[in-house]
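Please open the model in your viewer and keep the sequence panel beside it. The tour below moves from selection to selection and says what is to be found at each stop.

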Amino acid sequence: MLGKMMHRPLLISHLIQHAARYHGDTVITSRETDGSTTVTNWAKLHDNSKRLANALAALGLEQGDRVATIAWNNRRHLEIWYGVSGSGMVCHTINPRLFPQQIIYVINDAEDQVLFFEKTFLPLVIGVKEHLKTVKHFVCMTAPDEEVRAQIPEVIFYDDLVDNQSAEFDWPELDENAPSSLCYTSGTTGNPKGVLYTNRTTVLHSFCISLPDSISLSATDVVLPVVPMFHANAWGLPYAAAMVGAAVSLPGPNLDGHSLASLIDKDGVTLAVGVPTIWQTLLAAAKETGTKLPSLKRNVVGGSSCPSSMIRTFHNDFDCETLHAWGMTETSPLGSANQLKAKHKDLSDEDKLKVRLSQGRPPFGVELRIVDAEKNNKLLPNDGKTPGNVQIRGYWIVDTYFNKEQSALEPDGWFDTGDIATLNEDGYLMIRDRAKDLIKSGGEWISSVELEDIATTHPAVASAAAIAANHPKWDERPVIIAQLEPGHEVTEQELIDHYLGKIAKWQIPNAVVLVDAIPISGTGKMLKKDLREQYGNLLIERGLVD
Ligand code: AMP
């Protein structure tokens, strides 16, 4: 024999064991659904996840079984994550903002055996309960509560379940390819589709996001995952936090700007992760109260394009570096993260901002390419100018959706993301659109992302959606739906004039609609489909058809 290296499977149970052993006293602060705050640490969290693993075994669950959660980001949810995946079962995190019909669909599709839920979601659970074909146990994530028992007599209470168990449990040495968690896509077209992550993909993804050129996590950080644990596993942050031994601040149900600002200041959060709409409310609240969020050094923005004005405000007013990242449920989710390279060091602040605006470059472990999907996936140049369909392959990318026979991949093994973007020679990705949100005017694309970014550089605009409106001559023309900052005023014409000189004349939107609120999806994205349904014929109705 030439010699041999040890083989240890990459397991989620190893993450929590490591955190408990070497960072046992590192604090996890959890805002509970009843308004209280729990302070625990990695060692206690590990003990409770082992108690939960014992409890699940006592309920008769076996490896591979699916266990569902409808829950906020809090310490019980984290204990469930580690207890379920660590003992070889699959943690199916459900987005409570799905329609009840979709919730029924995903639970039946996953064949969940147990449903853990917050008391807040009791009405939702009662509404869907009789349609659930496989759920044997309903566990309310509280201490015993008579109000809940009155409505679900067979309910089990989390604290009873866990407190009665021993913290002695030997995590099984699973195959690293054993499935560990299941997230469904939001299903804007058709039924949601499940992505089944494995121990291996999760651990590799955790290494990746911890790297300095990704999110750069360390044992000195206090991380705040604002992004919900049901949205692509909170972008993997709670796993990576265990890997590096970071402290964690779990925000619970209150994700408004004021709650987040006070939590960041109280817990000394150094790194926070979420979608642009969250940061918008945080910035507004911080400006109102006057806090400079002194502990916050970095925030990660993903899920939708990050407006340039946001990066600037965090940098100039809060001394906080904004990292723009891109990914999707199918990609675990990290596909790219924006950190500068050595060659960008001496750029002016304004030129650095231009680099930072892109969604960043792929970390080791994934590869990106852009193709002309209409021409048999013909490869397009990485020149920073030519847009095409973004395709990805790598260590933590979906192959086949849950319960589907057919692979989701292109014939040569790449996954088509449905995003349209450019790539430059350094691999920096610039998302221009979702393929289904494209605005095609006279055969030419207009980037809705660019139009939205320009709108939000106007001081009166809080957020903006650019949509395609029907036009008899050009097929489609851009229309902006804008939500104003409280107390600000601007006319539609002033906003249209704001585009002059910033983009080619033919790309300037034909109309602006001012609305009280842009509808937002359960994962914090603007519901452009709804806006298109409402305003798709606006130009025809207003006679703006020249
Ligand atoms: P989801 O699976 O719900 O996380 O949605 C994934 C989609 O969100 C991607 O395919 C993109 O269209 C969009 N997305 C995610 N991150 C970004 C980003 N940084 N900029 C623009 N779009 C993004």
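Which residue of β2 does Thr29 stand opposite? Select the pair and you will find that Thr29 faces Val39 in β2. Before going further, note that this is a predicted model, in which local features need pLDDT of at least 70 and side-chain atom pairs count only at pLDDT 80 or more, while totals for chains, interfaces and linings use all residues. Residues are numbered from 1 along each chain as its sequence is written, and side-chain values use heavy atoms, with hydrogens and water left out.

Two strands count as paired if DSSP finds at least two bridges between them. Now colour the open sheet of eight strands, whose order is β2-β1-β11-β10-β12-β13-β14-β15 and whose pairing is mixed. At its edges are β2 (37–41) and β15 (334–337), each of which pairs on one side only. Neighbouring strands of this sheet are turned by 20° against each other on average, direction ignored, where axes are lines fitted to C-alpha atoms (for helices over the stretch in contact) and angles run from 0 to 180 degrees between N-to-C directions.

Next, centre on Asn299, which lies in strand β13 (residues 298–301). Asn299 counts as buried because its relative accessibility is 0%; buried means under 20% relative accessible area, exposed over 50%, and partly exposed in between, with a 1.4 Å probe and protein chains only. The side chain of Asn299 makes a polar contact of 2.9 Å with the side chain of Thr322, a polar contact being a pair of N or O atoms within 3.5 Å; within protein, one must be able to donate a hydrogen and the other to accept it, and residues adjacent in sequence count only if both atoms are side-chain atoms. Leaving aside neighbours within four places in sequence, the residues in contact with Asn299 (heavy atoms within 4.5 Å) include Ala272, Trp279 and Phe314.

**Helix α13**

Select helix α13 (residues 349–357), in which Leu353, Val355, Arg356 and Leu357 are buried. The buried residues of α13 pack against α12 (308–318), β14 (321–327), β20 (429–434) and α14 (448–456).

**The ligand**

Show the ligand and the 15 residues that surround it, the closest being Ala325, Thr329, Asp419, Arg434 and Lys525; a residue is near a molecule or strand if one of its heavy atoms lies within 4 Å of it. One oxygen atom of the ligand is 2.8 Å from an N or O atom in the side chain of Thr329, and an oxygen atom of the ligand is 2.6 Å from an N or O atom in the side chain of Asp419. A polar side-chain atom of Gln359 lies 2.9 Å from a nitrogen atom of the ligand.

**The seven-stranded sheet**

Finally, turn to the open sheet of seven strands in the order β7-β6-β5-β3-β4-β8-β9, with mixed pairing. β7 (156–157) and β9 stand at its edges with a single partner strand each, so one side of each has no neighbour in the sheet. Five bridges connect β9 to strand β8 (residues 179–184), and the two run antiparallel; here Tyr184 stands opposite Gly194.

How values were computed: Helix = DSSP H or I, 4+ residues; strand = E, 2+ residues; numbered from the N terminus.
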